[in-house]
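Work through each task with the sequence and the coordinates at hand before reading its solution.

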Amino acid sequence: MTLSITLPLPSGELENLTLNATGPWRKPTELITSRKVYAAAHVTPRVLGNNVPGAPADIDWDATLAFRRELWSWGVGIADAMDTAQRGMGLDWAATQELINRSAAEAALIATPERTVRDLLACGAGTDQLDPATVEPGEAGLAAVLAAYREQIAVVEASGAKVIIMASRALAKVASGPDDYLSLYGTLLTEVKQPVVLHWLGTMFDPALAGYWGSDDVAAATATFQKLIEAHASKVDGVKVSLLDAGHEVALRASLPEGVRLYTGDDFNYPELIDGDGEHYSDALLGIFAAIAPAASTALQEYDAGRSAEAGAILDSTRDLGLHIFEAPTYYYKTGIAFLAWLNGYQAGFQMVGGLHSGRDLNHLVKLFRLANTAGLLLNPEQAATRMAGFLNAAGVASVAKGAESTDLEGAQV
């Protein structure tokens, strides 16, 4: 069936795009073992909720949890309550706690001895119940950050999920240098019940994290990070590094203690990092995997079967989409993740908590549609075309989606 849609160019001209078939994606019938992978999932707001900037998140729990079940069906784990879920950009701590507990309850329903809740679900523990503006440098500020981390770690541990210790805006403000990071993180790692993931998030994702690990110099910050890991290797399951610097990740990966994983957070260079250099490879904890789960899962199955060239080609076919979704300003990548989820029918409307669906302009979203089509990641092309046409018409761009019989699909249940 041939489908097409009228799309605008940045110049304002219109052109007709023929839609591709969905890619040859397949769900796994066995446990994926070649790589340890978590897809960082977003949250879906309630359509009639008051999800405006500054308001508490009003979440559509049915849609949010259904999306997580869909991701699990592709054989990947889920990283929840992370920056992809809009931590610090619309998702408040009260909603985060509920998200962690609800996702963990869903994970417990499908967990097995081979695929535990910790394999299915890792959740972020941070300090976002604190307002960094009210936390002052010094011992009192560090004590407040430590207490906030402890509170959130306790919630994740009680849920049964794996803990991801997220980077803290408050700690970035109050720490005086590397020793404060080593002391505070060292205390947490001594206290945690099971090994955790350490998350290093770069300033392209959150400008408030400048100087993390006590220095703006990446080499100096890395030395502190490595010192922490080496001192507490038995309590570190892995590290997630989101600096968008493949060379840095490769060097760090090779230096990690035995048994500590490198979960790539590089949404630009993930194909070659996951593929590896012949000696080491990266596992993954990626926001882009929530958008490309069918392709990612199929690639991982190819790795399991020993067909690394085929696996790498699949991942590489999604690269342009990832580069676009995560283009600067990178912290608005969540808008593209939600837009593609809406096109693919995982949520009823294109909305985000905190009003963040306004984070990208029309040209960006049109290009995202084109790239998703090229990658075969419009999972129901007719539905995607119909929704896109309605979206464009509402924005003031005349667009029509047509099917094989020249059936006008415009306006059908957008």
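**Exercise 1.** Find the polar contact that joins the side chains of Y185 and Y212, and describe the surroundings of Y185.

*Solution.* The side chains of Y185 and Y212 are joined by a polar contact of 2.8 Å, where a polar contact is a pair of N or O atoms within 3.5 Å, of which, within protein, one must be able to donate a hydrogen and the other to accept it, and residues adjacent in sequence count only if both atoms are side-chain atoms. A polar contact of 3.3 Å also joins the side chain of Y185 to that of Y149. The model is a predicted one, in which local features need pLDDT of at least 70 and side-chain atom pairs count only at pLDDT 80 or more, whereas totals for chains, interfaces and linings use all residues. Residues are numbered from 1 along each chain as its sequence is written, and side-chain values use heavy atoms, with hydrogens and water left out.

Next, consider the contacts (heavy atoms within 4.5 Å): neighbours within four places in sequence aside, Y185 touches residues including I165, M166, L198 and W213. Y185 and I165 are 20 residues apart in sequence, with their C-alpha atoms 9.0 Å apart.

**Exercise 2.** Which residues of α6 are buried, and what covers them?

*Solution.* Helices (H or I, at least four residues) and strands (E, at least two) are DSSP runs numbered from the N terminus, and α6 covers residues 178-191, Y185 among them. Buried means under 20% relative accessible area, exposed over 50% and partly exposed in between (1.4 Å probe, protein chains only). The buried residues of α6 are D180, Y181, L184, Y185, G186, L188 and L189, and Y185 has a relative accessible area of 0%. Their cover includes α4 (139-159), β6 (162-165), α5 (169-174), β7, α7 and β8 (236-242).

**Exercise 3.** How many aromatic pairs are there, and why is the pair of F205 and F326 edge-to-face?

*Solution.* Rings of Phe, Tyr and Trp (its six-membered ring) pair if their centres lie within 6.5 Å, with planes under 30 degrees apart counted as stacked, over 60 as edge-to-face and the rest as tilted. This rule gives 21 aromatic pairs. The pair of F205 and F326 is edge-to-face because the ring centres are 6.3 Å apart and the planes stand at 70 degrees. F205 lies in the loop between β7 (196-201) and α7 (218-231), and F326 in the loop between α13 (319-325) and α14 (333-343), so the pair ties together parts that are 121 residues apart in sequence.
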